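Let's explore a protein model together through a few questions. Take a look at the structure first.

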Amino acid sequence: MPPIEDYAFLSDLETAAMVGRDGSVDWLCVPRFDSPACLAALLGTEDHGFWRVAPVSGGPCTRRAYRSDTLVLDSVWETPAGTVRVTDFMPPRYQLPCIVRVVEGLAGEVPVRSELQLRFHQGRVVPWVRDIGQCTVAVAGPDAMWLDADKPVRSVGDGTTTVWEITVPAGHRLALTLAWAPSHRPEPPAPLSVPAETVLKETVDFWRHWSGQCNYQGPWRDAVVRSLITLKALTYAPTGGIVAAPTTSLPGCIGGERNWDHRFCWLRDSTAALSCLLRSGYHAEAAAWLDWLVRAIAGDPADLQTVYGVEGQRLLPESEAPWLPGYEGSRPVRFGNSAVGQFQLDVYGEVLDALWLSLRAGIPMPTHVWDLVQELMGFVQRHWREPDRGLWQVRGPRRQFVHSKVMAWVAADRALRMAELLGRQGASGEWRALRDQVHRQVCRKGWDPVRQSFVQSYGSSALDASALLMPRLGFLPARDERVRATVRAMRGLGHGGFVRRYAQGDTHSYTADGMNGGEGAFVACSLWYADALAETGRSPQAREAFERVLAVRNDVGLLSEQWDPDAGRQLGNAPQAFSHIALIETAFALSAAPTPERR
């Protein structure tokens with residue numbers, strides 16, 4: 001398979017597709033981000049589904065780029081016969097999802113080939129393919145994919161592969177549209193009836209209007225706007241939920257087992273997502289994310305999960321797909337995520353921090369949400385002493401993770417701030433006592449005087465990059481010598497100029513996380529390190545750390561979850577919301593842009 005960084009992505013704000021430099025769409029789930037894939041070559045071979053539109057001569061494109069401030073992708077091939085451009089996009093949902101691919105001759109006459117091989121149910125089910133009028137339709141179970149082209153297509157081989165070939169002279173344009181519909185509908189879906197040029201203009205206008213609302217004016221505006229577009233494109237528009245990534249099982253280590261399904265919404269991302277949206281001027285998106293959050297967590301605080309589906313669903317059973325060999329042999333391929341069943345104390349702090357941030361931004365808090373605050377705090381009061389799985393959702397034993405305790409402090413602190421702002425007293429005295437008690441315990445048990453650093457868990461000497469968040473969260477000021485010493489100690493997690501989230505192993509200096517093999521440096525942690533350097537007065541080093549991260553974005557500005565400095569390649573699911581959120585936050589921090597006080 002091509003390197004992960006060879007992929008760009010498209011989105012219609014309800015699902016997404018991954019497009020390689022060779023013009024092949026190797027990943028598509030319809031009709032939602034978390035639906036089964038109908039193109040799954042990304043996790044296997046072409047036999048598991050792909051759609052390539054490229055010159056017959058093949059090979060990667062000569063150059064490609066998103067049109068400025070949009071998610072419309074232009075890929076250009078310069079061949080001995082001439083030059084051709086393929087423009088790929090997914091229009092913001094036209095009732096049903098579709099991908100439009102416009103082929104345009106720029107010079108000479110270029111033979112172009114479209115080859116579509118659909119495989120439903122995660123690359124497993126071969127559909128029934130037939131022609132209906134001018135369209136070709138592939139059907140399997142509840143799903144149908146309709147292909148419409150400006151020139152007739154034909155089936156080849158066993159009839160399950162659809163081919164379209166034409167020589168494109170300069171100045172000529174042709175379009176292909178692939179749309180999903182429920183298989184019980186006998187007629188072609190509505191998107192196929194709209195001219196491609198009309199849909200293209202509407203899509204460009206939509207993204208440029210949206211991007212134009214960004215209020216960041218610092219030196220890294222292009223990177224910030226691209227990250228905001230990515231975050232918007234990872235938002236499930238009907239509910240406001242933001243998925244961590246549009247892919248599953250792209251590995252943290254090539255050939256390893258650290259392969260997770262990230263097509264869901266993590267509470268871990270709540271505050272950071274809200275913060276960067278509000279800072280950037282996107283209050284409507286921030287309010288939609290908050291609405292999703294409140295609906296998703298409604299119920300007994302004891303049932304609060306770490307991750308939810310795009311509609312707030314709680315059941316995300318994890319299964320494996322043995323018929324898929326995995327990206328570069330990285331198995332197992334997983335669908336669903338069993339982290340839903342973990343106890344993760346830090347999410348209570350994340351939720352209350354997000355509610356506080358939204359309240360400070362002027363987003364109204366209904367009475368029932370204040371009732372929720374009180375219920376969440378009641379749970380934290382009863383359970384904050386318990387070990388949990390931690391921020392990183394380790395599959396090893398529960399521990400007294402320092403970051404989890406810090407977030408229990410955050411929960412109490414933000415609840416107190418909300419009570420003061422709303423003029424409500426409630427259990428403020430108890431919350432204040434809890435905040436002080438947690439703070440004392442973390443400073444006593446979470447600090448390693450030998451290592452001169454806050455560590456990952458009580459009784460351990462293992463470092464954890466989450467300690468870099470202490471000043472941002474307000475737990476300790478950046479001028480505190482313990483914070484400064486912790487930032488210095490994080491060089492122990494350094495890897496080729498980047499930062500790992502922790503070191504894997506089985507001693508007190510490492511983390512036994514229940515998984516085999518290692519992983520790359522974590523992009524978000526590398527950005528947290530840049531923030532911490534700036535907060536502790538080392539601005540030149542902070543900018544260097546930030547620029548290193550910017551340099552490993554792919555050619556269209558996208559970041560995955562991790563970076564391998566040794567192999568010089570991206571790792572993990574991509575594009576990763578957590579990485580792009582952290583990029584936006586760091587750009588604001590280093591630009592010293594005027595923003596409302598957050599804490």
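**Salt bridges and a buried strand**

At 3% relative accessibility, aspartate 413 counts as buried (buried means under 20% relative accessible area, exposed over 50%, partly exposed in between, with a 1.4 Å probe and protein chains only). This is a predicted model, where local features need pLDDT of at least 70, side-chain atom pairs count only at pLDDT 80 or more, and totals for chains, interfaces and linings use all residues. Residues are numbered from 1 along each chain as its sequence is written, and side-chain values use heavy atoms, with hydrogens and water left out.

Q: Which residue forms a salt bridge with arginine 417?
A: A salt bridge is a side-chain nitrogen of Lys or Arg within 4 Å of a carboxyl oxygen of Asp or Glu. Here the closest N and O atoms are 2.8 Å apart. The partner of arginine 417 is aspartate 413.

Q: Is arginine 417 buried or partly exposed?
A: Its relative accessibility is 29%. Arginine 417 therefore counts as partly exposed.

Q: How many bridges pair E5 with strand E9 (residues 98-117)?
A: Two strands pair if DSSP finds at least two bridges between them. E5 and E9 run in the antiparallel sense, and phenylalanine 50 has glutamine 117 in E9 as its bridge partner. The number of bridges is six.

How values were computed. Helix = DSSP H or I, 4+ residues; strand = E, 2+ residues; numbered from the N terminus.
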